[in-house]
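Please look over the sequence and the structure below before reading on. The paragraphs that follow go from the strands to the residues packed among them.

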Amino acid sequence: MVPADERLTWREICVQFPDEWVVLVDADWVDDHNFEFGSATVFTHRKHRREATSDLGAACGEFQNVGCFFTGRIRGPMPRFGGS
């Protein structure tokens, strides 16, 4: 999926893609240790985390400052990626 050229804030992303997993690229991070950025471009948006995770690999190959986030309310413990 090719990202739109439009840069959005987190609030705008949540309104446009409610309760979805979004892969964001070229985020202009304000703080490298917390979830805080000025704006980013949506690479993909998916209803299911597994689909968004697959898109994450493609995004990392093409862009910098990539992340995958859920725009809705977290309702339980989130499983960690990888082992341990």
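In what order do the 4 strands of the open sheet lie? The order is β1-β5-β2-β6, and the pairing is antiparallel; two strands count as paired if DSSP finds at least two bridges between them. This is a predicted model, in which local features need pLDDT of at least 70 and side-chain atom pairs count only at pLDDT 80 or more, while totals for chains, interfaces and linings use all residues. Residues are numbered from 1 along each chain as its sequence is written, and side-chain values use heavy atoms, with hydrogens and water left out.

The protein has 2 helices and 6 strands, arranged along the sequence as β-α-β-β-β-β-α-β. Helices (H or I, at least four residues) and strands (E, at least two) are DSSP runs, numbered from the N terminus.

At the edges of the sheet are β1 (7-8) and β6, each of which pairs on one side only. β1 joins β5 through 2 antiparallel bridges, and Arg7 has Thr41 of β5 as its bridge partner. Between β2 and β5 there are 5 bridges, also in the antiparallel sense; here Val25 stands opposite Thr41. On to β6 (residues 67-70), β2 makes 4 antiparallel bridges, with Leu24 opposite Gly67.

Helix α2 (residues 49-62) packs on this sheet and touches β2, β5 and β6. Its direction makes about 145° with that of β5; axes are lines fitted to C-alpha atoms, for helices over the stretch in contact, and angles run from 0 to 180 degrees between N-to-C directions.

Is β2 mostly covered or uncovered? It is mostly covered, as 5 of its 5 residues are buried, where buried means under 20% relative accessible area, exposed over 50% and partly exposed in between (1.4 Å probe, protein chains only). Trp21, Val23 and Val25 lie on one side of β2, and Val22 and Leu24 on the other. In the protein, buried residues make up 30% of the 84 residues.

The largest nonpolar core has 9 residues, among them Leu8, Phe17, Val22, Leu24 and Val42. Such a core is a set of buried Ala, Val, Leu, Ile, Met, Phe, Trp, Tyr and Cys residues joined through side-chain atoms within 4.5 Å. A second, separate core of 7 residues includes Trp21, Val23, Phe43 and Ala52.

Note on methods:
Contact means heavy atoms within 4.5 Å.
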